[in-house]
Amino acid sequence: GRTHQIRIHLSEARFPLVGDRVYTRDRLRAERALIEAPRLMLHATVLGFEHPITGKSLRFTEPLPADIKAVASKLAGRPVDISPDALPI
């Protein structure tokens, strides 16, 4: 459901997700090489929202998985890590 919507919308906006082989259009493949990745590189490091009943602000964090860190580091040419505490929400 939602994962497919995200993938379709980003691909149509010419920003396909790294590792997406389904919704990367042929025209995008012709413009630039696909970035090799072991899987779809989609992850939420930080999620936050206000609870609809209690009104309490909730924040959930999860570090980047090792495979996403490896792909991001390769692309950046240096080690990459994002601390959930450094991000807003």
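Leu 75, at 52% relative accessibility, counts as exposed; exposed means over 50% relative accessible area, buried under 20%, and partly exposed in between, with a 1.4 Å probe and protein chains only.

A word on the basis of what follows. This is a predicted model, in which local features need pLDDT of at least 70 and side-chain atom pairs count only at pLDDT 80 or more, while totals for chains, interfaces and linings use all residues. Residues are numbered from 1 along each chain as its sequence is written, and side-chain values use heavy atoms, with hydrogens and water left out.

Leu 75 sits in helix α3. Helices and strands here are DSSP runs numbered from the N terminus, helices being H or I of at least four residues and strands E of at least two. In space, the C-alpha of Leu 75 is 8.7 Å from that of Ile 35, although 40 residues separate the two in sequence. Elsewhere in α3, the residues Ile 68, Val 71 and Ser 73 are buried. In an α-helix there are 3.6 residues a turn, so residues three or four places apart point the same way. Just after α3 comes Gly 77, with a positive phi of about 75°.

The chain has three helices and two strands, in the order α-α-β-β-α along the sequence. Of its 89 residues, 21% are buried. The accessible surface amounts to about 6600 Å², and carbon and sulfur atoms account for 59% of that surface; these areas come from the Shrake-Rupley method with a 1.4 Å probe, and for residues only the protein chains shown count as cover. Contact means heavy atoms within 4.5 Å. Among contacts between residues at least 6 apart in sequence, 33% join residues at least 24 apart.

Which residues make up the largest nonpolar core? There are five: Ala 37, Met 41, Leu 64, Ile 68 and Val 71. Such a core is a set of buried Ala, Val, Leu, Ile, Met, Phe, Trp, Tyr and Cys residues joined through side-chain atoms within 4.5 Å. Neighbours within four places in sequence aside, Met 41 is in contact with Leu 17, Val 18, Asp 67, Ile 68 and Val 71. Leu 64 belongs to the loop between β2 and α3 and is buried at 11% relative accessibility. With the same exclusion of neighbours within four places, the contacts of Leu 64 are His 43, Thr 45, Lys 69, Asp 81 and Ile 82. Leu 64 and Ser 83 lie 19 residues apart in sequence, with 8.3 Å between their C-alpha atoms.

Next, the charged pairs. Side chains of opposite charge can pair when their charged atoms come close. How many salt bridges does the structure hold? It holds two, a salt bridge being a side-chain nitrogen of Lys or Arg within 4 Å of a carboxyl oxygen of Asp or Glu.

One of them joins Asp 20 and Arg 7, at 3.0 Å from N to O. Asp 20 lies in the loop between α1 (2-12) and α2 (26-31) and Arg 7 in helix α1, so this bridge ties together parts that are 13 residues apart in sequence. Are these two partners buried or exposed? Asp 20 is buried, at 3% relative accessible area, and Arg 7 is buried too, at 12%. Beyond its neighbours within four places in sequence, Asp 20 is in contact with Arg 7 and Leu 40.

The other bridge pairs Arg 39 with Asp 67, whose closest N and O atoms are 2.6 Å apart. It links distant parts of the chain, 28 residues apart: Arg 39 is in the loop between α2 and β1 (46-50), and Asp 67 is in helix α3 (residues 66-76). Arg 39 is partly exposed at 32% relative accessibility, and Asp 67 is partly exposed at 23%.

Two further features remain. Arg 14, in the loop between α1 and α2, has a phi near 75°, a positive value in a residue other than glycine. Arg 14 is partly exposed, at 36% relative accessibility.

Finally, the surface. Leu 47, Phe 49 and Phe 60 form a nonpolar patch there, with about 310 Å² of accessible area together. Patches consist of residues with over 30% relative accessible area and no salt bridge, like charges being joined within 9 Å and nonpolar side chains (Val, Leu, Ile, Met, Phe, Trp, Tyr) within 5 Å. Phe 60 is in strand β2 (residues 57-61) and is partly exposed, with a relative accessible area of 46%.
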